[in-house]
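Here is the note on the model you asked me to look over. The points are numbered so that they can be taken up one at a time.

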Amino acid sequence: MNNDNNPQASIPAKSTVIPRSAGFVGLGLMGAPMAANLLKAGWSVTAWNRSTAAVDDFVRLGGSRAGSVAALRDEPVIIFMLPDLSFIEEAAAGLLDEWRLRPPRPGTLVVVMSSVSPVGVRAFGVAVAAASGGNAAVVDAPVSGGTEGAERGTLAIMAGAPAEHFERLLPVLEAMGTMVRRLGELGSGSLAKACNQLIVGTTTAALAEAAELAERSGMDVESLFEVLSGGLAASRVLEFVGPRLATKDYAPTGPAKFMHKDLSFVRASAAAAGASVPMATAAVALYGELKDQGLGDLDLAVVRQTIANLSSSDSGADTGAPARAGTRTTETVEETP
């Protein structure tokens, strides 16, 4: 098979087992426990983060501090956990400049574990391969499972990479997740995550509609969800998001605004594949409305408040500020550079 158009093909992937050393960029709500689990699994981890306080905490756990992302240039694996690809590209600019001057060791892997555009991450792979003289390759390996999964090391990890690169990276990924799968070539992991978000985002919105309809009709939402959990409507989304929807607890475990971004990736991928995605299209509009209402920094469950604000005010329900919103403040899911 001709691999002339595959920038990743020249990477010698099977030469050696990856040394148990890694760089980690982004110690936010997800990144910090993921990096900590690498330490627990016996990896030597050097981290960089915009906020030095997060790095201070990481060092106390036994990790090391990088003065810059470029300082991670000789790590065999460099993991990025930042909010979007534009942040990753900005953070990695100095690293790529270093590699243009002196290429890294062959087989170096750059792992994008954020939710990013499948098209964009493939372009990033081309840029990394070019800057490194063909010695570094990008693997996209976004995660699902939220902060609880990140803390417990039980994340679902969806990887896109050549099979040889995935096999070498597997010990790294298994230190952070219990369901680790290769879905195809670079970009496949990001597309799988987009499909995941399609299901999570639309299911949460449907549960929010049901909750608002039930309450406005005089029904107890918690009782409704208890009954639903015993039937065909039961789901992990209902299990984890249902209680927050029922009690209108919108304190952020992860900003809802990221769902709008992820669902936009679904639409873009569908357009490229010639697939119709009416549910995703409707959800993009709904989560866009959520952001327009100024609710994007709250928990995903706040989509219920968005629906309440869109509902007729003559029902007598409160359409003001969300109940219990902002009862505590947290940093975003992934630290920005």
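Is Ser 68 buried, partly exposed or exposed? Ser 68 is partly exposed, at a relative accessible area of 29%; buried means under 20%, exposed over 50% and partly exposed in between, with a 1.4 Å probe and protein chains only.

1. Basis. This is a predicted model, in which local features need pLDDT of at least 70 and side-chain atom pairs count only at pLDDT 80 or more, while totals for chains, interfaces and linings use all residues. Residues are numbered from 1 along each chain as its sequence is written, and side-chain values use heavy atoms, with hydrogens and water left out.

2. Overall make-up. The protein chain has 12 helices and 9 strands; these are DSSP runs numbered from the N terminus, with helices (H or I) of at least four residues and strands (E) of at least two. Of its 337 residues, 52% count as buried. The accessible surface is about 14700 Å², and 54% of that belongs to carbon and sulfur atoms (Shrake-Rupley method, 1.4 Å probe; for residues, only the protein chains shown count as cover). Among contacts between residues at least 6 apart in sequence, 68% join residues at least 24 apart, a contact being heavy atoms within 4.5 Å.

3. Two loop residues. Ser 68 is in the loop between strand E3 (64-65) and strand E4 (77-80). Asn 49 belongs to the loop between strand E2 (44-48) and helix H2 (52-60). Asn 49 counts as buried because its relative accessibility is 5%. Asn 49 and Gly 31 are 18 residues apart in sequence, and their C-alpha atoms are 9.8 Å apart.

4. Largest pocket. Its volume is about 1200 Å³. The lining has 38 residues, of which Ser 144, Gly 145, Gly 146, Thr 147 and Val 200 are the closest to the centre. Two or more lining residues come from each of strand E7 (143-144), helix H5 (146-152), strand E9 (177-184), helix H7 (188-216), helix H9 (236-247) and helix H10 (257-273). By class the lining has 17 nonpolar, 12 polar and 9 charged residues. Here Ala, Val, Leu, Ile, Met, Phe, Trp, Tyr, Cys and Pro count as nonpolar, Asp, Glu, Lys and Arg as charged, and the others, Gly among them, as polar.

5. How pockets and cavities are defined. On a 1 Å grid over the protein atoms alone, a cavity is a set of points where a 1.4 Å probe fits but cannot get out, and a pocket is an open set with protein on both sides within 12 Å along at least five of seven lines; lining residues have an atom within 4 Å of a point. Points are joined across faces, edges and corners, and a volume is the space filled by probe spheres set on them.

6. Cavity. The structure holds 1 cavity of 30 Å³ or more. Ser 115, Val 116, Ser 190, Lys 193, Ala 194, Asp 262 and Phe 265 line the largest cavity. H7 and H10 are the elements that give two or more residues to this lining, and the largest share, 3 residues, comes from H7.

7. Ser 269. This residue lies in helix H10 and is buried, at 15% relative accessible area. Leaving aside residues up to four places away in sequence, Ser 269 touches Pro 118 and Leu 191.

8. Nonpolar cores. A core is a set of buried Ala, Val, Leu, Ile, Met, Phe, Trp, Tyr and Cys residues joined through side-chain atoms within 4.5 Å. The largest has 38 residues, and Phe 24, Met 34, Met 113, Leu 173 and Met 176 touch the most other members. Helix H6 (residues 163-174) gives the largest share of this core, 5 residues. A second, separate core of 35 residues includes Ala 205, Leu 263, Leu 298 and Leu 300.

9. Helix H12. Helix H12 (residues 303-310) is largely enclosed by the rest of the structure, because 6 of its 8 residues are buried. The cover over those buried residues includes H7, helix H8 (221-228), H9 and helix H11 (278-292).

10. Backbone at Lys 248. Lys 248, in the loop between H9 and H10, has a positive phi of about 55° although it is not a glycine. Most residues other than glycine have a negative phi. Lys 248 is partly exposed, at 21% relative accessibility.
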